[in-house]
Amino acid sequence: MSAANTVSMTNNISRYCGGDDNAGRGCGECDTMETEKLITGKYAHDLWQRMIKGIAVYNLIEPGDNIAVCVSGGKDSMLLAKMMQMAASHQVYDIRILPIMLDAGFDKAHRDSVITNCKKLGIELNIISAPIFDDVKEAVKDGGSLCFFCSRMRRGYLYRKAAELGCNKIALGHHRDDVIETTLMSMLYGAQISTMLPKLKSDNVEGMQLIRPMYLIHEKNIISWTNDMGLDFTKCSCSLTSIGKEEDTTRLRVKKLIAQLSIENPHVKDNIFGSMQKYIEENM
């Protein structure tokens with residue numbers, strides 16, 4: 001990784017390098033070292049080891065993998081990018097990682113926030129410009145879910161771009177709570193038994209797989225790490241949120257429902273997650 005805070009342009013990709021170019025060990029390097037100590041120290045059991053376990057249990061990584069790690073700017077994807085970077089740089093796995101952010105039309109404040117956090121964490125971020133928001137607005141002008149269409153279009157673009165960059169896998173920062181909430185959302189609002197899978201193959205890009213290395217990590221521990229780091233992560237940078245927030249609203253309702261049920265029965269989350277293991281095994 002380059003130590004300079006530089007920006008280079010290749011087609012529609014901007015590369016932002018974390019670190020510090022001052023003589024000796026700059027503050028950027030200090031931040032990076034402290035971040036890694038925190039992850040493999042205080043949070044070794046709750047974050048680092050759970051990621052390693054999830055990768056092993058679901059066979060997410062193989063030697064020689066080239067993995068595009070998607071960074072949205074939120075706490076989850078930023079932590080994933082950092083831990084995957086650590087796994088590659090410390091040769092835990094024989095892999096190459098490429099942290100990328102798909103700029104679908106984000107505002108400047110969000111973009112700057114992501115770049116700042118990446119520099120603090122020592123993550124070399126590649127920003128791919130793709131004005132998808134305009135296409136989404138056109139696609140749903142006669143009705144339809146903004147979040148659904150936007151997610152589909154972003155996913156398809158990421159698959160194609162990752163393949164162009166020589167990657168065979170895409171890593172997303174979904175965690176255990178996302179899996180649990182999605183399970184209930186599918187049942188309550190979709191009338192189907194379904195959930196997020198830890199690994200799935202692309203139907204459109206040959207040889208491409210999507211993986212979720214943080215599948216076994218609890219969100220509360222990610223939040224705790226975020227607070228200890230003193231980092232300010234953006235939640236939603238979508239310029240379309242003034243038009244539609246249906247998915248976020250539904251997920252929030254389900255999250256609150258699970259929290260209420262957990263007061264009466266603290267095993268609710270474990271039970272929902274455990275109930276889907278057979279489904280996961282059969283559909284991976």
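**Helix packing and cysteines in the predicted model**

Helix H3 (residues 75-89) and helix H4 (residues 108-121) pack with their axes 11 Å apart, at an angle of about 30°. Because angles under 35 degrees count as roughly parallel, H3 is roughly parallel to H4. The two helices meet in a right-handed crossing. On the H3 side, the contact is made by Met78, Lys82 and Gln85, and H4 answers with Val114, Asn117, Cys118 and Leu121. Sorted by class, the contact of H3 with H4 comprises four nonpolar residues, two polar ones and one charged.

Since the range from 65 to 115 degrees counts as roughly perpendicular, H2 is placed roughly perpendicular to H3. H2 passes H3 in a right-handed crossing. From H2, the residues in contact are Leu47, Trp48 and Met51, while H3 contributes Leu79, Leu80, Met83, Met84, Met86 and Ala87. The class count for the contact of H2 with H3 is nine nonpolar residues, with no polar and no charged ones. For H3, then, the contact with H4 includes one charged residue, whereas the contact with H2 has none.

Is Cys118 buried or exposed? With a relative accessibility of 1%, Cys118 counts as buried, because the cut-off for that class is under 20%. Cys167 is buried too, as its relative accessible area is 7%. How many disulfides does the structure hold? The number is zero. For Cys167, the nearest cysteine sulfur is that of Cys70, and it lies 9.3 Å away. A disulfide requires sulfur atoms within 2.5 Å, so Cys167 is in no disulfide.

The protein has 284 residues, of which 49% are buried, Cys118 and Cys167 being two examples. Finally, what share of the contacts between residues at least 6 apart in sequence joins residues at least 24 apart? In this protein, that share is 76%.

Key. Residues numbered from 1 in each chain as written. Predicted model: local features only at pLDDT ≥ 70, side-chain atom pairs only at ≥ 80, totals over all residues. Heavy atoms only, no water. Axes fitted to C-alpha atoms, helices over the stretch in contact; angles between N-to-C directions. Helix = DSSP H or I, 4+ residues; strand = E, 2+ residues; numbered from the N terminus. Parallel < 35°, antiparallel > 145°, perpendicular 65-115°, else oblique. Left-handed = near helix turned anticlockwise from the far one by under 90°. Contact = heavy atoms within 4.5 Å. Nonpolar A, V, L, I, M, F, W, Y, C, P; charged D, E, K, R; others polar. Buried < 20%, exposed > 50% of the residue type's maximum accessible area, 1.4 Å probe, protein only.
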